[in-house]
Amino acid sequence: MSASRGRPIRLGLLGLGTVGLAAYDLLRRNQDEITRRSGHALQVVAVARRDTQAARRCVDDSVQVLADGHALVTHAEVDVVVELMGGIDPAKQWVLAAIDAGKHVVTANKALLALHGNEIFARARERGVVVAFEAAVAGGIPIIKTLREGLSANRIQWVAGIINGTTNFILTQMRQKGLDFSSALAQAQALGYAEADPTFDIEGVDAAHKIALVSAMAFGVRVQFDRVHVEGITQLQAADMRYAEQLGYRIKLLGITKRVDNGVELRVHPTLLPQRSLLASVEDAMNAVMVCGDAVGSTLYYGKGAGGDPTASAVVADVLDVARLMDADAVHHAPALAFQPSAVDDGPVLPQDEVVTSYYLRLRVRDEAGVLAQLTAILAQRHISLDAVIQREAQGDEATPHTDLIVLTHAAREGVMNQAIAAMQALDVVVQPVVRLRREVFA
Ligand code: HSE
């Protein structure tokens, strides 16, 4: 079938790793279909990669191979720069240089946008170019477009997502095989799910980058990565996975942002979810994002959040969008962060102490009379209501008899819960640090 054709759109790929190569291949593989959709041929005219010989082996002879990223982003024949190199430096300076040179930019770089998005989007507006970033959040799942366009009639109430595949894989292994955290991480690394340095994933930083962008798009606030409360999964123990299961829950690392009366909640932490909930059933390295809007109710988006082809799917879709917009006046571009820049506010992000949620507590205690009474007194004094308590024989080699008490509470303000935990910790009968996890229902 022949496609109607505008002028070809010329692309420069900054970075030619797994995603860059996948995007290059996808553009070729689906060339006809993409042209039918966009009305333009999308041609890669240049790539930049430090190892130019390796790059040369991967692309057609017609593609110019450069070692210097700056030369690519200012290249006279490049209309759209596709930044897939990651990191902050030199990605930031090259993205800004591309914008200054009047190029549209497509990027998968969540760290860059979480830290410097406000500056980058403002510069792009000044220059009348687009910075598109679908691939930066949840890989192949079109959650950015959903927030910007599909749900734009709604007042968004909350977004909760499994937005890091590496940690979801680790948690799934811990639960299914009873592994401890370090064995599950080693398995993730052996299978190529985790980076050699997995710090950003397991400490929750990668998810925090993504939820900071999502929050801005959901609520029309600035990107506030520095305000995200971040806890990763490194402290989770096999015992907690087991107890959660026995109580009817699964533990997932969630990025959460909610609109509440006095501001916006913005947090990443391991979370107990009811076993039968949709998010709880998202396993292995899959991602899923739930968005609740006042008109639409709850909606769920599921798919692969990483990997060459799924990420390239988002990258190329952005390129297609940009191609359609090339000849439109900048005033007609959808705002990058979903709200008109003049309407964006600094909506206060709530300090974590003010967040209200319910809790899972695990206490390793001496197995003797009156322990439970002391603990419940501490909670009762602070008006924290109990939902469930179970006692399980501690699996350890301690000489004195110890037991695990697992307590589920009803909703409480985190600052109050912190006081209660400190008071419990001070009791002689509590022999190890109290483990505290948050419990949520997203339905
Ligand atoms: N490290 C990320 C993950 C890759 O595990 O989900 C995609 O951002």
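Predicted model: local features only at pLDDT ≥ 70, side-chain atom pairs only at ≥ 80, totals over all residues.
Let's start with helix 5, which covers residues 91-100, and helix 6, which covers residues 110-127. Their axes sit 10 Å apart and meet at an angle of about 15°. Angles under 35 degrees count as roughly parallel, so helix 5 runs roughly parallel to helix 6. The crossing of these two helices is right-handed. If you want to find where they touch, look on helix 5 for Ala91, Lys92, Val95, Leu96, Ile99 and Asp100. Across from them, helix 6 brings in Leu112, His116, Glu119, Ile120, Arg123, Ala124 and Arg127. Sorted by class, the contact of helix 5 with helix 6 has 7 nonpolar residues, 5 charged ones and 1 polar one.

Now hop over to helix 2 (residues 31-38) and helix 13 (residues 308-325). Here the packing angle is about 40°, and the axes are 10 Å apart. Helix 2 crosses helix 13 in a right-handed way. On the helix 2 side you'll find Ile34, Arg37 and Ser38, and they meet Val316, Leu320 and Arg324 of helix 13. That contact of helix 2 with helix 13 splits into 3 nonpolar, 2 charged and 1 polar residues.

Last stop: the cysteines. A disulfide needs a pair of cysteine sulfur atoms within 2.5 Å, and by that rule the count is 0 disulfides. Cys292 has 9% relative accessibility, and because buried means under 20%, Cys292 counts as buried.

Notes: Residues numbered from 1 in each chain as written. Heavy atoms only, no water. Buried < 20%, exposed > 50% of the residue type's maximum accessible area, 1.4 Å probe, protein only. Axes fitted to C-alpha atoms, helices over the stretch in contact; angles between N-to-C directions. Helix = DSSP H or I, 4+ residues; strand = E, 2+ residues; numbered from the N terminus. Parallel < 35°, antiparallel > 145°, perpendicular 65-115°, else oblique. Left-handed = near helix turned anticlockwise from the far one by under 90°. Contact = heavy atoms within 4.5 Å. Nonpolar A, V, L, I, M, F, W, Y, C, P; charged D, E, K, R; others polar.
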